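Dear colleague,

Please find below the structure that I am handing over to you, with its sequence. My notes on it follow directly after.

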Amino acid sequence: MTSVLAVASEAYPLLKTGGLADVVGALPPALKAHGIDMSVMLPGYPAVMKALTGGKTVLSYPDLFGGPARVIHGPAQGFDLYAIDAPHLYDRPGNPYVAPGGSDWPDNWMRFAALGRVAADAGKGLISGYRVQVLHLHDWQAAMTAAYVSYDPDNSARTILTVHNLAFQGQFAASIFPELGLPQSAFALEGIEYYGDVGFLKAGLQCADWITTVSPTYAEEICTPGGGMGLDGLLRLRRGTLTGIVNGIDTEIWNPETDKNLAKTYGPGSLKGRAPNKVAIEKRFGLEAGNGPLFCVVSRLTWQKGMDILAASLDALVRAGGRLALLGSGDAAVEVLFTDAASRHTGRIGVVIGYDEALSHLLQGGSDAILIPSRFEPCGLTQLYGLRYGCVPVVSRVGGLADTIVDANDAALAAGVASGLQFATVDQDTLERTFARAASLYADPKAWQNMQLQGMKMDVSWGRSAGRYAALYRQVAAMKVG
Ligand code: ADP
């Protein structure tokens with residue numbers, strides 16, 4: 001067995017604010033079959049400490065960034081968990097990153113430098129009886145681990161950094177540098193210095209033995225000035241040690257044959273079972289019955305997701321004979337655009353502002369298509385749910401959306417491999433043409449059903465990707481030091 005410690009700030013079901021929690025939560029069980037023994041290290045947030053049962057103290061710090069701390073090891077909701085019990089850093093209610101007023105906790109740099117410090121110590125073998133071969137670090141919160149390992153000549157742990165979203169970088173004032181406990185030489189271009197500041201993600205990208213991101217196309221995009229968000233130069237230098245591995249989904253939670261959130265369950269042989277779900281959606285969103293496609297959206301309502309452009313294109317959606325059921329929350333200004341559109345197009349556009357897991361399942365189970373016009377999308381999950389539920393993904397050709405959906409062009413339709421619609425640019429004109437294209441495909445029930453079935457038979461589980469991670473862990477574990 002290869003021994004890997006995943007280091008992150010979130011892991012579903014213990015704590016989740018984004019898709020990275022799903023990945024951290026899904027990998028340990030999926031990797032078992034591939035001979036990988038994965039434990040997880042998390043900050044001891046209240047929800048994490050509560051879930052830890054019968055844990056033992058395995059490492060103590062008299063002073064970890066301003067207070068005493070312990071590493072507690074034990075089982076928690078299926079994880080083999082190492083929690084950093086440091087109340088002065090982590091024992092706070094609510095969102096892990098943001099104070100009740102809505103701004104970041106001012107000591108976030110300490111909270112996540114501490115995570116890196118402790119994870120590096122685990123990699124060094126300071127936890128008696130626990131030998132780690134690879135530290136798998138997730139996003140900027142865990143990225144400093146790689147710097148602590150790399151600047152310690154006695155630490156031979158191997159490190160892999162996974163970037164779930166390059167937009168979140170963990171950038172802090174240079175004045176924190178002396179507190180980090182790194183040698184002066186680390187504050188350099190080829191170290192953790194980042195445009196005159198300290199960059200946590202940058203440090204990880206510089207120091208980790210390997211970098212992954214969550215789709216091959218996103219791996220390409222982040223190496224370009226357009227997608228690199230200030231880090232493309234460094235990423236180009238590291239191109240040879242950068243891999244894209246797409247996320248999987250939990251195919252038990254997301255299974256239309258057993259899903260309790262649906263009005264009616266169905267499978268590839270019983271697509272007619274989707275009809276009662278459509279009726280339930282129409283009722284919930286106040287929509288009239290119609291002959292054209294019923295589109296849905298399940299999304300954060302943000303710039304990244306292209307929601308401002310979609311909101312501006314809704315008249316065209318209705319003109320093309322479509323209807324829309326939208327579930328989402330996010331930027332207040334974008335929320336208003338959608339609620340306004342719903343009042344302009346009563347019966348054709350229905351909007352629910354909020355976060356509702358059960359309703360998100362129903363939308364996938366009864367809508368004809370899911371719209372995902374993201375400006376960038378590292379991997380994306382909702383298109384994978386759409387494939388599994390026969391809810392045809394209509395997506396922009398970026399990141400993981402480009403990698404997981406086969407566009408219904410003539411060749412793909414003729415070969416029977418189309419699984420959705422892709423469009424090249426996120427602007428109003430393109431969206432308008434895409435609505436029209438979707439409507440005309442939908443008017444051919446056989447072609448539409450072929451796309452649904454093609455999507456439903458694709459393997460969107462963790463199986464394949466877990467195998468890729470396992471192979472990478474072995475490769476990195478065998479890498480020579482230096
Ligand atoms: P991101 O992590 O960038 O928001 P993803 O597509 O990777 O985008 O993951 C989003 C996840 O959040 C999906 O599981 C999606 O179903 C869920 N989601 C987003 N908005 C809502 C909502 N308003 N209600 C329920 N689930 C939502």
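Phe65 and Trp109 are both buried. Please bear in mind that this is a predicted model, and that every value below was computed from it.

The two residues also form an aromatic pair. Their ring centres are 6.3 Å apart and the ring planes stand at 90 degrees, so the pair is edge-to-face. Phe65 is found in the loop between β3 (56–61) and β4 (69–76), and Trp109 in helix α4 (residues 108–124); the pair therefore links distant parts of the chain, 44 residues apart.

A second pair consists of Trp140 and Phe172, with 5.8 Å from centre to centre and 55 degrees between the planes, which makes it tilted. Because Trp140 belongs to helix α5 (residues 139–150) and Phe172 to strand β8, this pair ties together parts that are 32 residues apart in sequence. Trp140 is buried, its relative accessible area being 9%, and Phe172 counts as buried at 15%. Both residues belong to one aromatic cluster, together with Tyr97, Phe112 and Phe200. The count of aromatic pairs comes to 15. Another aromatic residue, Trp105, has a charge over its ring: the charged end of Arg92 sits there, 4.7 Å from the ring centre.

Gln169 deserves a paragraph of its own. Where does Gln169 lie? This residue is in the loop between β7 (158–163) and β8. Its relative accessible area is 12%, so Gln169 is buried. The side chain of Gln169 reaches two backbone oxygens: that of Leu166 at 3.1 Å, and that of Met229, which lies 2.9 Å from a polar atom of the side chain. Leaving aside residues up to four places away in sequence, Gln169 touches Trp140, Tyr194, Phe200, Leu201, Met229 and Leu231. Of these, Trp140 and Phe200 are members of the aromatic cluster described above.

The buried residues are Leu359, Ser360, His361, Leu362, Leu363, Gln364, Gly365 and Gly366. They pack against α9 (275–285), β13 (294–301), β14 (323–330), β15 (349–353), β16 (369–372) and α14 (382–389). The N-terminal end of α13 is capped by Asp356, which has a side-chain oxygen 3.2 Å from the backbone nitrogen of Ala358.

Finally, Gly129 occupies the loop between α4 and β6 (134–138). With a relative accessibility of 87%, Gly129 counts as exposed, because the cut-off for that class is over 50%. Its C-alpha atom is separated by 36 Å from that of Leu235, which is 106 residues away along the chain.

With kind regards

How values were computed: Residues numbered from 1 in each chain as written. Predicted model: local features only at pLDDT ≥ 70, side-chain atom pairs only at ≥ 80, totals over all residues. Heavy atoms only, no water. Phe/Tyr/Trp six-rings, centres within 6.5 Å; stacked < 30°, edge-to-face > 60°. Helix = DSSP H or I, 4+ residues; strand = E, 2+ residues; numbered from the N terminus. Buried < 20%, exposed > 50% of the residue type's maximum accessible area, 1.4 Å probe, protein only. Lys NZ or Arg CZ within 6 Å of the ring centre and 35° of its normal. Contact = heavy atoms within 4.5 Å. Polar contact = N/O pair within 3.5 Å; in protein donor to acceptor, adjacent residues only side chain to side chain.
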